[in-house]
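Please go through the model below one site at a time.

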Amino acid sequence: MLKYGKVNKPPSMKNPYKLSQNHNQPPSFEESLATILPLFVGETRNLIIIIITVLINIGTGVITPYIITRAIDGPIANKDIQTLAIMSLGLVILYIISAIAAYGQARIMGYVSQRVLFRLRAKVFSSLQSLPIDFFNRNKAGDLISRINNDTNKINQFLSEGVLRFTSLFFSLIGIAAMMLYLNWQLASIVFILTAIILIITRIATPFIEGVNKVGLENQGALSSEVQEGLLNFNAIVAFQIQDYYQNNFNKISQAVYSSKIQTNILNDSIAPLYTFVANLSQIILLAIGVSFILSGSITIGLLIGFLAYAQKFFEPLRILGSIVGSLQGALAAWTRVQEIISLESNLILEEDKSGLKKRKTKHILEFENVSFGYDEKQILKNMNFNLEQGKTYALVGPTGGGKSTTASLMARLYDPQKGLVKLYNKDIRTHTAEDRTKAIGFILQEPFLFSGTIGDNIRYGNPDLANKSNAELIEILKDNNLLDLISDFEYGVATNIENNAISIGQKQIISFIRVLLRRPQLLILDEATANIDTVTEQNLQDIINQLPDTTTKVIIAHRLNTIKKADQIFFINQGILTPAEDFQHALNLIKTKDGES
Ligand SMILES: Nc1ncnc2c1ncn2[C@@H]1O[C@H](COP(=O)(O)OP(=O)(O)OP(=O)(O)O)[C@@H](O)[C@H]1O
Ligand SMILES: [Mg+2]
């Protein structure tokens with residue numbers, strides 16, 4: 001009985017791994033909180049200090065104009081120098097405390113914010129790592145890079161600076177409003193009416209800002225994708241002399257980024273002058289009305305001066321709050337894009353059998369039972385049935401695009417079938433742990449890939465037996481396995497550094513070969529693994545493969561017929577349909593007629 005673990009649903013034919021580009025639905029509050037809160041774990045002490053410093057700042061900001069009011073109406077009016085000196089000293093001390101608090105707050109917030117960013121990026125990256133290959137097929141690397149780099153940064157800026165400023169401004173607004181009401185409610189209502197007008201205008205502008213910010217982020221992602229694609233394929237661009245074409249594409253996207261950025265900036269920046277204007281306007285109105293109040297004797301000069309200071313202080317946070325709303329929209333758009341990755345659950349997760357790989361003497365190491373598969377809606381493999389016996393050599397042949405590499409990918413569980421079952425050692429391949437599976441199956445891809453580093457590093461990667469071996473030990477191991485000659489052409493042997501492209505495909509294949517052979521897999525899958533290797537070296541590799549233990553099952557995909565001549569069984573794959581050939585001659589006929597029916 002197969003037990004499904006975390007994810008119960010089989011992958012649908014419609015691809016669930018395509019990230020959306022227009023996000024109309026931001027993630028739910030609970031979902032967001034579940035991701036954000038853990039980012040702040042261990043920061044409690046720092047957060048408390050930050051809150052205290054914020055409170056100190058708000059307190060001094062709210063209290064100082066009141067002290068000035070009292071000073072003007074009291075000691076200044078009465079020419080009481082001594083009290084005035086004490087009050088001034090008090091003010092200076094308050095300002096110093098406030099400055100120290102502000103410094104401490106900025107400093108601690110700097111630490112916290114970098115740690116939060118670090119954790120957020122790690123979280124997104126580990127979510128990415130858990131996703132199946134399908135996901136990476138569907139989404140452009142540039143878009144993903146942009147989500148990991150830019151979007152996380154936007155979110156972090158908002159979380160660390162935005163939230164803090166928002167709360168501190170919000171509470172100082174309340175404090176100032178209370179003080180204004182306390183000083184004179186009539187003057188205060190004038191300030192509130194002006195505030196209401198600004199808020200209404202901001203509210204009308206917000207949807208525009210929101211929309212433009214979203215478009216801006218998407219354009220940014222598209223630009224990264226374009227640059228990445230161009231840089232990766234620059235030799236093709238030069239070979240075909242299509243620089244103009246590429247340049248045009250680039251310009252188009254770059255132009256879109258430029259326009260949307262300009263738009264966002266204009267929108268964001270147009271709010272600020274509006275606030276300044278209203279703030280100045282309010283000063284004039286308050287002054288006019290305040291003077292008439294003074295003349296009628298209902299308020300003092302000190303009170304009016306204090307009140308004007310409060311009103312000025314009131315519009316300043318209001319203005320900043322307005323700009324924070326802009327950054328909130330940006331952060332929300334970024335958050336939607338990041339959360340989308342985090343909440344994608346990998347359907348690769350099944351309840352795994354941790355009992356370890358039992359290398360029982362099963363006859364069939366691998367079986368396909370009614371396997372159907374498509375990368376997307378289009379079906380590629382159609383109802384495949386076959387089994388691989390231990391120790392035998394199989395060849396997959398067939399026309400280009402017939403489905404050989406796809407079949408091999410499913411054997412190694414790079415993808416899961418949409419229908420049917422792949423069994424490894426008589427058990428659903430999905431129930432083996434990844435470790436057991438990769439130990440059992442060695443796979444050389446049609447397009448070999450090496451990491452930057454030395455040849456030795458590349459041979460050691462993912463092989464626990466070699467992880468701690470020095471270069472000298474590695475050389476001994478290579479010698480024992482007759483593999484050392486293969487890399488004799490490299491100037492520094494295993495210590496040779498491999499730069500990204502400064503190595504031929506054949507050389508890459510040889511290194512991939514060594515890597516996979518040293519793992520001693522029970523099932524070795526070679527997808528055109530020698531297609532780019534000269535015939536002499538290919539023969540050497542053939543000899544080395546022949547020295548593998550008899551129990552090793554081999555699956556060879558090759559177009560060169562001499563490579564497959566010795567196979568125990570040839571499978572012909574055309575249009576996703578597998579036909580077992582009766583013998584070599586039958587296979588040749590199938591290849592010639594190409595329809596598998598002859
Ligand atoms: N990553 C992918 N996404 C979508 N379709 C794909 C992908 N890889 C292959 N295909 C499609 O699947 C079909 C089978 O491709 P596959 O690579 O298995 O053929 P192949 O027999 O290995 O061909 P070749 O001899 O050229 O290596 C082709 O029609 C191809 O277009
Ligand atoms: Mg192929």
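Ile285 sits in helix 8, residues 243-295. Helices here are DSSP runs of H or I with at least four residues, strands are E runs of at least two, and both are numbered from the N terminus. Ile285 is partly exposed, at a relative accessible area of 30%. Buried means under 20% relative accessible area, exposed means over 50%, and partly exposed lies in between (1.4 Å probe, protein chains only). Beyond its neighbours within four places in sequence, Ile285 contacts Ile190 and Leu194. Contact means heavy atoms within 4.5 Å. Ile190 and Ile285 are 95 residues apart in sequence, yet their C-alpha atoms are 8.4 Å apart.

This is a predicted model, in which local features need pLDDT of at least 70, side-chain atom pairs count only at pLDDT 80 or more, and totals for chains, interfaces and linings use all residues. Residues are numbered from 1 along each chain as its sequence is written, chains are lettered from A and ligands numbered from 1 in the order in which they are written, and side-chain values use heavy atoms, with hydrogens and water left out.

Helix 3 (residues 81-129) packs against helix 5 (residues 141-183) at an angle of about 150 degrees, and their axes are 9 Å apart. The axes are lines fitted to C-alpha atoms over the stretch in contact, and angles run from 0 to 180 degrees between N-to-C directions. Residues making the contact include Met109, Leu117 and Phe125 of helix 3, and Ile148, Asn153 and Leu164 of helix 5. By class, the contact has 12 nonpolar, 7 polar and 1 charged residues. Ala, Val, Leu, Ile, Met, Phe, Trp, Tyr, Cys and Pro count as nonpolar; Asp, Glu, Lys and Arg count as charged; the others, Gly among them, count as polar.

Two loop residues other than glycine have a positive phi. Lys79 has a phi of about 55 degrees, and Arg413 is near 60 degrees. Lys79 lies in the loop between helix 2 (44-78) and helix 3. Arg413 lies in the loop between helix 10 (404-411) and strand 4 (419-424). Is Arg413 buried or exposed? Arg413 counts as buried, because its relative accessibility is 8%. Lys79 is exposed, at 70% relative accessible area.

Thr336 belongs to helix 9, residues 301-343. Thr336 is buried, at 10% relative accessible area. Its side chain reaches the backbone oxygen of Leu332 at 2.7 Å.

Asp527 lies in strand 9, residues 523-527. Asp527 is buried, at 3% relative accessible area. Setting aside residues up to four places away in sequence, Asp527 touches Ser405, Phe443, Ile444, Leu445, Gln446 and Ile557. The Asp527 side chain makes a polar contact with the side chain of Ser405 at 2.6 Å. A polar contact is a pair of N or O atoms within 3.5 Å; within protein, one must be able to donate a hydrogen and the other to accept it, and residues adjacent in sequence count only if both atoms are side-chain atoms.

Which residues come nearest to ligand 1? Of the 13 around it, they are Gly401, Lys404, Ser405, Thr406 and Gln446. A residue counts as near if one of its heavy atoms lies within 4 Å. Distances to ligand oxygen atoms follow.

| Residue | Atom in residue | Distance to an oxygen of ligand 1 |
|---|---|---|
| Gly402 | backbone N or O | 3.2 Å |
| Gly403 | polar backbone atom | 2.9 Å |
| Thr406 | side-chain N or O | 2.4 Å |
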